[in-house]
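Please keep the sequence and the structure open while reading.

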Amino acid sequence: MASFSPRGISWLQTAPLVVILLVFLIAPLAVIVMVSFWDYSVGGMYPDFIWLNYEDLLTSPTTIALYQRTLKFAFLVWMITLIIGFTVSYFLTFCIRSTVWRMALFLVCTVPFWTSNVIRMIAWIPFLGRNGAINQGLMAGGVIDEPLDFLLFSEFSVVLTYVHLYTLFMIVPIFNAMSKIDFDIIEAAQDAGATGFQVLRNIILPLTLNGIGLGSIFIVTLVMGDFFIVRVMSGSQSGTVASGMAYEIGGLQYPAAAANAVVLVAVVVVIVSIILRFVDVRKVLTE
Amino acid sequence: MSEISSGKIEIIQVDKFYDDVHAVRGVSLTIPAGSYCCLLGPSGCGKSSLLRMIAGHENASAGDMHIDGRSILGLPARQRPTAMMFQSYALFPHLTCLDNVAFSQKMQGVDKVTRHAKAKDMLDMVQMGDFGQRLPAQLSGGQRQRIALARALITEPKVLLLDEPLSALDENLRVLMRNELRQMQQKLGITFVHVTHTNTEAIATSDMVVVMGDGVIDQAGPPREVFNHPASLYTARFMGGHNIVPVRDGRLQFGGGQTAEPPKGDAGYYSLRQDLTLIEPLAQSSHSAEPSIEASIARVEYEGASFKVTLDRGDPAPLIARVFDRDFETSGLTVGAPVRLRFEMADLCPMRS
Amino acid sequence: MKQPLVTYILGAFFGLYVLFLYGPMFVIFLLSFQGPTGGMTFPLQGLSLHWFKELWAQNVSGDVAGSFQRSIALGLLVMVITVGVSVAAGFGFRRAFPGARVLFYVAVISLIMPGFLISFGLGLILQLLGIDAQWFTSALGAQLTWTLPFGLLIMFAVLARFDRSVEEAAQDLGASRSQTLRHVTLPLLAPGIVGVALFGFTLSYDEIPRTTLVVGNSNTLPMEVLAMTNTLTTPSLYAIGTITTLVSLACILFALVSIIRMQRRTKLKKA
């Protein structure tokens with residue numbers, strides 16, 4: 001049997017992962033960058049090195065509007081999921097004494113992660129529509145006379161769906177960070193005279209910061225990368241950067257879409273690196 | 001007791017580096033066949049590294065190792081005539097106790113009936129015969145240790161390596177188990193190498209104590225010798241129970257300017273067992289005692305069978321006398337009382353610094 | 001130490017969140033059993049299996065049965081590859097090796113990179129090379145960029161808790177490397193490996209962003225459903241939702257039960 005050095009064995013064991021990531025992650029991203037400098041016309045795209053796609057993109061008022069809306073969605077969803085995620089994690093970690101119950105309830109929060117996003121998205125339609133459950137309920141209760149129109153196919157329903165689908169990505173890392181907090185530390189803080197709020201502010205919050213950071217990265221990248229929820233749930237009336245890209249791809253304007261993608265990644269990278277200034281995500285992921 | 005003795009270990013100039021850390025520095029040691037050897041030292045002194053190198057779980061960076069005259073260097077763990085009992089016991093949590101003990105036989109391809117019969121015998125030997133079908137999770141710490149012992153001994157090793165085997169047990173069980181380990185070793189007649197950081201454990205179990213510090217062997221010898229005649233300040237402090245008397249300007253220094261003529265030799269320090277350091281009330285003592293050292297009692301701590309009496313001699317390092325409790329009570333001594341020290345010059349042991 | 005009032009308020013909040021999480025799912029579950037004359041919203045016009053039969057009879061536009069089969073097949077394929085590659089890579093990462101840090105960061109990038117971009121880039125490559133997209137080639141690869149980082153992170157978590165001294169004990173007792181792997185390491189890692197498999201299958205089974213531009217002419221189920229949201233305006237849409245959710249739930253249940261059973265056997269209680 002041929003013998004390998006320990007590092008050789010590690011290389012061999014990670015080689016399949018390396019190959020898959022090279023072919024299906026690195027190469028596609030590299031090609032996007034390359035094509036973003038190509039020229040195109042109705043007939044197709046042509047190898048070139050021009051900045052025109054970027055110029056068109058960055059000087060277009062549509063771009064600004066799309067980015068404004070995308071960032072607004074990202075910020076709203078981030079804030080709502082953070083509040084829900086932190087509260088739910090706090091409840092599970094510090095209010096539920098039994099480990100079995102805590103894990104069971106945590107599982108209740110995570111099960112939808114393994115079910116279909118599309119189905120969970122369309123599940124809101126019979127709820128929110130003009131003849132949907134909410135309008136029917138409110139009218140039957142005499143709260144409103146006319147059905148509410150803003151519930152479905154609006155920015156409201158888009159944000160609602162994002163929150164519904166993505167809060168989990170905030171709960172899991174925060175819960176994970178909170179469950180590593182030693183209860184003795186909290187009791188020590190209370191012995192030192194800290195009130196409940198002071199414990200939250202000075203002990204729990206700093207110790208969950210890495211989890212919050214990881215969750216925030218997930219939320220930002222998920223919202224900014226979404227192209228179909230915004231289309232379906234706004235009734236094609238609203239758009240984000242990624243859904244704009246999807247239209248360009250549908251119109252075969254690949255180089256324009258590629259430039260769009262490069263700028264989008266750049267913006268995401270900037271936001272993620274701002275988050276990384278505050279937290280050590282590597283620590284969360286490997287421990 | 002032991003009919004056939006095998007398992008002589010020779011360690012020759014062994015070094016171990018972890019990256020830049022020199023964990024074991026040129027250690028040479030011969031452990032006689034069929035002896036119970038304790039490697040004693042604080043954590044990080046290199047004792048566990050040495051044990052793991054004998055087992056084959058670490059490779060020596062330099063030097064050689066022999067068991068019964070045959071070099072084991074480069075042999076994988078499974079081909080060495082050693083078996084190891086891990087600090088965590090490292091029982092296979094998914095296998096029953098019987099299958100844990102039978103594991104090595106299964107690896108050799110022994111059929112199920114034969115290996116289970118042999119494993120059952122081993123379980124009986126460690127008084128765990130009724131626990132064969134239990135999983136490790138269903139056992140107490142002491143029971144797990146017995147299973148780990150049976151699992152190691154079924155391989156009929158020449159050398160059993162025990163890595164802090166008693167550290168996970170509570171105090172009473174620890175005393176019980178260390179006796180059982182000693183009896184087991186005498187019954188089997190193989191070599192036991194036992195790593196510990198507890199001096200009482202080492203003294204109670206072993207034929208040979210090896211005191212280690214900072215990657216080197218400080219002193220090796222029978223427990224009575226190591227305890228009574230610590231060869232260095234390090235060993236004296238680690239074994240405990242010793243007063244340390246320095247020599248300055250050719251005189252033993254007892255503090256407060258009181259000195260005495262040292263025994264022959266040019267040692268820098270002498271040790272004196274605390275229980276051989278006697279005290280008597282100054283008023284009742286005769287002046288003729290030689291050397292005549294006076295002090296006053298600074299502190300008294302009750303330790304059960306004895307009192308630990310700390311003497312103030314106007315010097316930073318205090319002397320301690322351990323006095324049998326009834327003797328102390330009848331002496332009428334209290335804190336602040338002036339006393340005279342009594343000891344035999346022959347009990348002073350020279351040490352290197 | 002606990003103020004009960006706070007606990008009750010937080011408990012109520014948690015209850016509302018769970019309602020928010022499951023309420024809509026429950027509604028489409030109910031509506032999928034809508035009577036034959038009922039529509040896509042309440043009220044229920046009786047209960048029936050009518051809309052499931054419609055699906056069965058292929059009375060809806062779109063290839064539901066075919067895409068369902070493809071999704072199951074693709075999910076299993078992704079699952080097997082994800083388990084093999086993540087377990088091997090997890091072992092590789094147990095030692096320090098040159099490039100480990102870079103590879104780790106690339107895997108993290110793969111996790112957080114908007115999936116749609118991967119699909120787009122891969123689609124461009126296929127177009128430039130003149131290769132046809134297929135669900136079992138390009139979509140498979142694209143989905144792996146999503147499942148493998150999860151698999152790897154699970155392996156990290158599992159291996160971090162793994163007591164390596166049991167492997168040393170096995171070798172001490174005469175086991176060869178492969179015997180140690182077979183009799184000790186893999187059985188002990190089995191619950192974690194089932195977890196990796198669960199992620200591999202379910203994430204693939206529901207995947208859209210990475211699949212969308214590289215699935216080729218034959219859709220996977222979630223792609224088909226996404227296309228149907230505009231065209232299918234009967235409760236049959238909900239019937240699909242009920243079926244696919246039940247499949248997911250069955251996988252989760254199966255995985256959880258096996259993990260719990262395995263862990264109950266092996267978990268060492270504190271002595």
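**Helix packing and chain contacts**

Helix α3 (residues 61-95) of chain A packs against helix α1 (residues 4-31) of chain C at an angle of about 125°, and their axes are 10 Å apart. Axes here are lines fitted to C-alpha atoms, for helices over the stretch in contact, and angles run from 0 to 180 degrees between N-to-C directions. Helices (H or I, at least four residues) and strands (E, at least two) are DSSP runs, numbered from the N terminus. The model is predicted: local features need pLDDT of at least 70 and side-chain atom pairs count only at pLDDT 80 or more, while totals for chains, interfaces and linings use all residues. Residues are numbered from 1 along each chain as its sequence is written, and chains are lettered from A and ligands numbered from 1 in the order in which they are written.

α3(A) and α1(C) are therefore oblique to each other; angles under 35 degrees count as roughly parallel, over 145 as roughly antiparallel, 65 to 115 as roughly perpendicular and the rest as oblique. Their crossing is left-handed, a term used if the near helix is turned anticlockwise from the far one by less than a right angle, with right-handed used if clockwise. On the side of α3(A), the residues I84(A), T87(A), V88(A), Y90(A), F91(A) and C95(A) meet T7(C), L10(C), G11(C), F13(C), F14(C) and Y17(C) of α1(C). Two residues are in contact if their C-beta atoms, placed from the backbone, lie within 7 Å. Sorted by class, this contact of α3(A) with α1(C) has nine nonpolar, three polar and no charged residues. Ala, Val, Leu, Ile, Met, Phe, Trp, Tyr, Cys and Pro count as nonpolar, Asp, Glu, Lys and Arg as charged, and the others, Gly among them, as polar.

Helix α3 of chain A also holds T93(A). Is T93(A) buried or exposed? T93(A) is buried, because 21 other C-beta atoms lie within 10 Å; the cut-offs are 20 or more for buried, 12 or fewer for exposed, and partly exposed in between, with C-beta atoms placed from the backbone. Leaving out residues up to four places away in sequence, T93(A) touches F175(A), M178(A) and S179(A). In sequence T93(A) and S179(A) are 86 residues apart, yet their C-alpha atoms are 6.0 Å apart in space.

Next come the chain pairs. Between chain A and chain C, 66 residues of chain A are in contact with 67 residues of chain C. Helix α1 (residues 6-35) of chain A gives the largest share of the chain A side, 20 residues. That side of chain A, where chain C is touched, has 46 nonpolar, 17 polar and three charged residues. Of the two pairs of chains in contact, A and C share the most contacts.

Chain B meets chain C through 26 residues of chain B and 21 residues of chain C. On the chain B side, β6 (82-85), α2 (97-107) and α4 (141-153) each supply at least two residues. The classes on that side of chain B are 15 nonpolar, eight polar and three charged. No contact joins chain A and chain B, and their closest C-alpha atoms lie 14 Å apart.

Within chain C, helix α5 (residues 115-129) and helix α6 (residues 135-160) have axes that come within 10 Å and cross at roughly 150°. The crossing of α5(C) with α6(C) is right-handed. G115(C), I118(C), S119(C), L122(C) and L126(C) of α5(C) make the contact with S138(C), A142(C), T145(C) and W146(C) of α6(C). This contact has five nonpolar, four polar and no charged residues.

Chain A has 14 helices and two strands, and its C-alpha trace spans about 80 × 70 × 40 Å along its principal axes. Of its 287 residues, 44% count as buried. Chain B has nine helices and 20 strands, and its C-alpha atoms fill a box of roughly 80 × 45 × 40 Å along the principal axes. Of the 353 residues of chain B, 42% count as buried.

Chain B is assigned domain 1 (9-234) and domain 2 (241-351), with bounds that come from an automatic or database domain assignment. The centres of the two domains of chain B, taken over C-alpha atoms, are separated by 40 Å. Five residues of domain 1 of chain B are in contact with six residues of domain 2 of chain B.
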